[in-house]
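Please read them alongside the coordinates.

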Amino acid sequence: MKNLKRILGLLLCLIMIAGIVACAAEETPADPPEDVVEATPEPTPEPEEPPAIVMPDLEEVEDEEAVTISYAHWGSDSEHEVLLATIERFQDEFPWITVEAIQIDRGEYETWMNTMAAAGTLPDTAIMAEPQVIGWAERGALLAIDVNAIEEAVGDTPLPHLAFTHNGQALAYSVCNNIVALFYDVDKFEEAGIDTPPKSWDTAWTWEEFLDAAKSLTLDSAGRDAHDAGFDSSNVVQYGFRQYNATWMLEAWARANGTSWFDANGNVIIDNDAAVDAIQRMADLHLVHGVSPQFGTNEGYISTWLVEDTAMAVNGTWSFGVWLGGARRDHGLNFNVGVLPRMDGQGTIATAGPNVLFATTEHPVAASIWLAWYAQPENAWNTVETGIWMPIFSAWYHDEALMRRWADNDYPGRAAGNDNFPPFDDYRSAVIEASLSPVVQSAAWYTIPNMDVFLDVLGTVLAPVWDGSQSAEEAIEGGMDALRAANAG
């Protein structure tokens, strides 16, 4: 309670974001003729401060009138169960606030949110899909948390790549840290007799080394691997690699090739040689090398792939808690994690949505208390300890005792069955320490608006690349006008 009071006192003076929307500069008037005497202009009044939401005294919080607020999130049934347990603990502390959890499928989340906005029925609070954050903030649809006060209240600094920023101002932090990484089935590597993926950026595979491993791990129905002259790519029974079906995740490979999809001013530069090359290499894993299914055709989840017919797969680190731990318990999957291979550069992306408070809420005080409470790592602990979320604060990436409390399956006091992590030293190197490297950068939607529209258009532009109808260069060159228009909103 003491910590929460401190956070509420410092953090939760919530201000309408409308005031931060940049206004277009007026044109500079022409110089007046010399014989015209200009009148002295009236002084421009100082703009009024936007209204602040007054927080209650926590000593009197029990006397507040009972209210019900809503919180929307995406996620699996297991994630929803974790959230419900978290809400129950919150309501033990604040029995006058009832939080109703709304579970929406991740693939439908942006559409659902847009529909709710159009109907005027947005929830009070939600984890917001990353592509929407900057655009909604520009339109004044969100209330902003003072992110500087977060650091003062908690006594620690969030990882810098987790701040959503607009015009240089941080608007919100992600609820957690997650990076795009390379997962694999240890047993399949042992059967092939090859070394497992490296677990630090210093020793990361080159693209050629990665491709060589993927070929050795790809087997046809006759037991031949993709190195063999007689390999039949139309009858593959085990793939060396799969990429999760998400257009946004392809940005990680642009980073691995030393480039980006946008320049520092937010302009679309996905047609640069390195970005095009990264996309073509991903397509060629199927089209040329036969070591992966065609992008966009991967059904199921990463746990299913690694259990059944795949040696390596790329997805986000939430995979530990959402899928992989269960696959270990149910199917004996012996999984581990490594860093992405290098192309002509090195890197990956980090991402997670922020919890937001919508400007339409009728209960801003209760809603902000809920979000402030939920922002503390110990209050979202189930999601951290099960591997769904990683902490956002720096100490958890430098203090070994905190690391082990979070990610060591053998840490004393962990709940039975909570063994969702790979060996601690491997996870520490490939995920915890890797997250601190400058090669891990925010996904584009941390600063770029209209990414939901941009990614829809990009998915359409790239469709003919995956089946070989067009090269990446042809498709992107032909789609640049549409991509620029999408970026402009």
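Predicted model: local features only at pLDDT ≥ 70, side-chain atom pairs only at ≥ 80, totals over all residues.

1. Helix α11 covers residues 319-331 and spans only 16 Å between its end C-alpha atoms. A straight helix of 13 residues, at 1.5 Å a residue, would span 18 Å. Just after α11, G332 has a positive phi of about 75°.

2. Which residues of α11 are buried? They are S319, F320, G321, V322, W323, L324, G325 and A327. The cover over these buried residues includes the helices α2 (77-93), α10 (302-308) and α15 (424-433). Strands also take part in that cover, among them β8 (180-185), β11 (310-316) and β12 (335-338).

3. Five strands form an open sheet with mixed pairing, in the order β9-β10-β11-β8-β12. The edges are β9 (219-220) and β12; each has a single partner strand, so one side of each is left without a neighbour in the sheet.

4. β8 and β12 run antiparallel and are joined by four bridges. In this pair, D185 stands opposite F335 of β12.

5. The cavity count, at 30 Å³ or more, is four.

6. Which element supplies the largest share of the lining of the second largest cavity? It is α9, with four residues. Both α9 (273-287) and β10 (236-243) supply at least two residues of this lining. By type, the lining of the second largest cavity has seven nonpolar residues, five polar and no charged.

Definitions and conventions: Residues numbered from 1 in each chain as written. Heavy atoms only, no water. Expected span 1.5 Å × (residues − 1). Buried < 20%, exposed > 50% of the residue type's maximum accessible area, 1.4 Å probe, protein only. Contact = heavy atoms within 4.5 Å. Pairing = 2+ DSSP bridges. 1 Å grid on protein atoms, 1.4 Å probe; cavity = no way out; pocket = protein on both sides within 12 Å on 5 of 7 lines; lining within 4 Å. Points joined across faces, edges and corners; volume = space filled by probe spheres on them. Nonpolar A, V, L, I, M, F, W, Y, C, P; charged D, E, K, R; others polar.
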